[in-house]
Amino acid sequence: TSQYDFRAIERKWQQRWEEAQLFRVEIRHDRPKFYGLDMFPYPSGAGLSVGHCRNYIPLDVACRLKVLQGYNVLHPMGWDAFGQPAENEAIKRGRNPKEMVLEYAANYRRQLKLVGISYDWSREINSSSPEYYRWTQWIFLQLYKNNLAYRANAPVNWCPQCKTVLANEEVVNGRCWRCGSLVEKRQVPQWFFRITAYAEKLLEGLQRVNWPEGVKALQANWIGRSEGAEIVFPVDGHTETIAVFTTRPDTLWGATFMVLAPEHPLVDKLTTPEYRAQVEAYKERAQRTSDIDRQNVERAKTGVFIGSYCINPVTGERIPIYIADYVLMGYGTGAIMAVPAHDQRDFEFAKRYGLPIRLVYQISPEQTAESLTEAVPEGGTMVNTGLFDGLPNNKETISRVISYLEEKGIGRGVVTYRLRDWLISRQRYWGAPIPIIHCPTCGEVPVPEDQLPVLLPPVERYEPTGTGESPLAGIPEFVHTTCPRCNGPARRETDTMGGSACSSWYYLRFADPHNNREAFSQEAVRYWLPVDLYAGGAEHAVGHLLYARFWTKALHDMGYLHFDEPFLTYRNQGAVLAYTPGREVGKEENGEEEELGADEPIENWKVLKPEERETIPPEKWVWRWVRMSKSKGNVVTPDEMAERYGSDSLRLFLLFVAPYEENVQWSDKGMEGAHRFVNRIWRIWHELRPHYRADWREHMPPLSELSPTDRALRRKLHQTIRKVETDIEHFRFNTAVAALMEYTNELSAYRNAVANREPTPVQACLISEALETLPILFSPITPHLADEWWERLGKEGFTFNQCWPKYDPEVAKEEEITVVVQINGKIRDKLQVSPETPSDELERLALASGRVQTELQGRVPQKIIVVPQKLVNIVVSK
Ligand code: ANZ
Ligand code: ZN
């Protein structure tokens with residue numbers, strides 16, 4: 001029957017694909033490879049929403065196209081199962097995280113199959129399985145051996161709610177990325193990866209990848225390279241010296257005071273007794289202020305004098321030492337030379353505390369330090385330096401000053417980075433144990449590689465302890481062990497690795513997921529890696545995407561990888577927003593703001609809680625577009641959509657509704673529209689089906705013998721083949737679908753023209769070409785429908801592994817006509833244009849013609865007459 005029974009059709013093909021193991025990749029050596037990867041998800045209990053589907057469907061379409069183009073395509077899926085999200089949920093539900101994760105993953109897998117994603121499930125990985133984390137631990141050891149992993153006492157971000165430390169990348173606006181609590185500072189021994197050693201390489205590599213500019217800029221800013229100098233100031237009456245980092249060593253002559261971060265190690269030593277009390281009070285206050293606030297340019301610049309002085313090494317002056325919270329300990333040297341004339345923060349500070357201001361650059365002879373109303377960072381020529389007076393305010397001068405300081409032994413040129421080392425230890429249960437043993441005699445000893453994995457022991461209680469120790473510390477059988485070096489009694493490290501360690505190498509494991517002798521074989525990685533196309537949310541810009549690049553580079557330098565950038569092309573999709581009822585609230589009530597997209601909070605608005613939907617009358621509801629999420633009660637599931645409209649319609653809708661990078665406003669209406677289109681093309685195809693002849697290729701007449709209508713239909717088909725292919729390759733899924741819709745219109749018009757008549761043999765050829773091409777063109781987008789058509793043509797197998805049709809450039813070429821150009825009625829030139837060229841375009845082309853311009857000799861036309869498809873007549877006075 002020609003009834004579009006999508007439920008039966010989709011069920012049938014999903015079953016057949018499964019039976020045939022259709023998506024299992026086999027390497028055929030005569031073909032090129034393509035590795036398309038989605039960021040592997042943490043499977044949550046809420047299951048997939050249509051919002052998640054928007055991550056996976058576009059990449060699936062791109063991968064399916066690559067298969068049709070004849071590539072060996074690796075398109076795998078797995079679970080980012082370790083880490084805080086899973087553990088928090090397990091605690092909330094009182095469940096064992098291991099079982100819970102497996103159950104959630106099974107549901108995700110079912111849903112992903114339901115929407116027809118072509119994953120090779122034989123390569124599924126789960127980062128919390130010992131077969132996987134054994135190798136996460138192995139990589140940890142390699143980093144450790146290469147001095148890229150170390151333990152240090154450090155002030156760290158502590159989430160009082162999750163009771164664990166957090167990486168800098170996990171602190172968002174001073175709050176925990178998971179639970180939103182305000183983050184505190186604590187001093188505890190922690191494990192770090194030395195990502196700072198790769199700051200320069202991480203920056204450099206960004207120039208070699210095809211990523212969205214915005215994401216590259218975020219990473220570059222996060223790495224934060226600064227060129228400048230370190231200058232050493234002697235302290236008056238002490239043997240100590242203070243080094244400062246400055247980007248403007250040329251302004252040293254204007255440094256009239258020095259500012260230390262309140263946490264600077266020399267503060268205690270240099271504070272004189274009479275200032276002790278105020279210094280302590282200020283330090284206390286600073287500790288409670290977040291780094292974000294401290295960097296806020298709007299905040300008043302406060303600080304206190306500590307009683308000591310240092311010596312400006314070029315002027316010989318004694319300058320006072322202050323502490324102020326606008327100087328951070330974590331950047332540069334934690335100390336600055338303050339140049340109020342040319343640095344705005346220092347200017348505000350000097351004005352507040354009545355400190356001297358001295359110009360190093362003068363804009364005009366009248367300009368004085370007293371007359372300044374703000375700092376002047378740019379312009380002017382040097383004054384008050386003696387040696388360099390008269391030089392302009394530019395890079396060249398900075399270099400000359402640096403050379404001078406180096407000669408004098410006062411300072412040296414340096415490059416600093418904002419990037420900090422990556423904090424990896426977590427005082428949590430649900431992670432890969434850090435494979436280190438602490439021995440009272442030998443110190444830190446790595447677990448021998450043949451003893452990996454260090455298994456995560458099963459426990460009754462895995463809630464965080466709140467003491468700052470991991471729950472593993474409470475399991476004597478785990479903790480007590482023997483030292484691999486001296487065989488004496490020793491203790492195991494009880495911290496686990498944060499989930500970001502697992503996700504820093506999973507893309508390598510997919511190449512060789514079942515290897516139990518090594519993390520990955522050279523052969524597999526050499527074949528499949530790097531990832532050709534990576535898709536996932538831009539919120540990972542300075543976390544996962546940076547970490548993964550670092551591990552790749554480190555493993556590359558150790559000789560394990562032949563490449564040093566893991567993701568050649570990376571794309572991030574927009575979110576799916578749902579129209580959601582909420583209510584207006586005052587600022588006070590809006591403590592944690594609702595989030596619209598990734599980073600746009602909605603003020604004065606809160607989503608309605610289920611009980612509020614009962615109590616607040618609908619006319620008081622305030623509707624907003626916000627990101628779909630279970631917590632907002634606005635989730636639409638793919639299950640619902642597959643049942644009502646079919647997965648093919650859902651796929652087509654999600655691709656068509658907006659450009660890939662843009663947010664989508666979900667609407668059932670739009671979904672219905674997509675479904676109507678799928679129904680329509682299904683019907684048209686079936687109406688033409690009776691005229692199909694399998695031998696059409698042999699009977700297709702040459703182009704020149706086709707009637708204009710026939711020719712137009714073939715032209716459109718071949719243009720559509722080309723457009724769908726290039727659009728998908730460039731992630732322009734919406735216009736690819738639009739092209740299919742346009743073609744559908746043409747085909748429908750053609751069908752009407754031949755309706756009720758037996759088509760001529762030539763028409764039958766054209767119809768057959770369309771009938772046979774459509775299943776392949778639709779295959780990446782609506783794969784179930786495509787296979788059903790294919791079968792109904794009497795073909796064997798699946799559209800999945802057919803060949804993408806070759807468009808014929810001759811056939812696709814736009815028809816051209818000749819339009820003559822006249823001046824005062826005499827033919828002067830001819831234009832070759834498409835018949836649809838509009839009048840104003842013809843006029844423009846005519847005037848741009850070289851021959852016309854020569855003829856006109858600068859005369860301005862009095863009148864231009866255009867007869868579309870025929871001529872342009874330019875009238876000029878003689
Ligand atoms: C003197 C000076 C004069 C500065 C001038 C700027 C302009 P970027 O570009 O972000 O690297 N600085 C250095 N360490 C700091 C810290 N730990 N906390 C806060 N500020 C710090 O900024 C480098 C500049 O920021 C340095 O150059 C220093 O101020 C300040 F006309 O030194 B400058
Ligand atoms: Zn030992």
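Me: Two strands pair if DSSP finds at least two bridges between them. Which residue in S38 is the bridge partner of valine 821?

Reply: This is a predicted model, where local features need pLDDT of at least 70, side-chain atom pairs count only at pLDDT 80 or more, and totals for chains, interfaces and linings use all residues. Residues are numbered from 1 along each chain as its sequence is written, while chains are lettered from A and ligands numbered from 1 in the order in which they are written. Strand S35 (residues 817-823) runs parallel to strand S38 (residues 871-875), and four bridges join them. In S38, valine 821 has as its bridge partner valine 872.

Me: What is the bridge partner of valine 821 in S36?

Reply: Strand S36 (residues 826-833) runs antiparallel to S35, with seven bridges between them. The hairpin of S35 and S36 has two residues between the strands, and asparagine 824 takes a positive phi near 50° there. Across in S36, valine 821 is partnered by aspartate 829.

Me: How many helices and strands are there in the chain?

Reply: Both are DSSP runs numbered from the N terminus: helices are H or I with at least four residues, and strands are E with at least two. Counted that way, the chain has 29 helices and 38 strands.

Me: What percentage of the residues of the chain count as buried?

Reply: A residue is buried if 20 or more other C-beta atoms, placed from the backbone, lie within 10 Å of its own; 12 or fewer makes it exposed, and in between it is partly exposed. The C-alpha trace spans about 105 × 90 × 65 Å along its principal axes. Of the 878 residues, the share that counts as buried is 40%.

Me: Which elements give two or more residues to the shell around ligand 1?

Reply: A residue is near a molecule or strand if its C-beta atom, placed from the backbone, lies within 6 Å of it. There are 18 residues around ligand 1, and Ser226, Thr246, Arg248, Gly332 and His342 come nearest. The elements giving two or more residues to this shell are strand S11 (241-246) and strand S15 (335-338).
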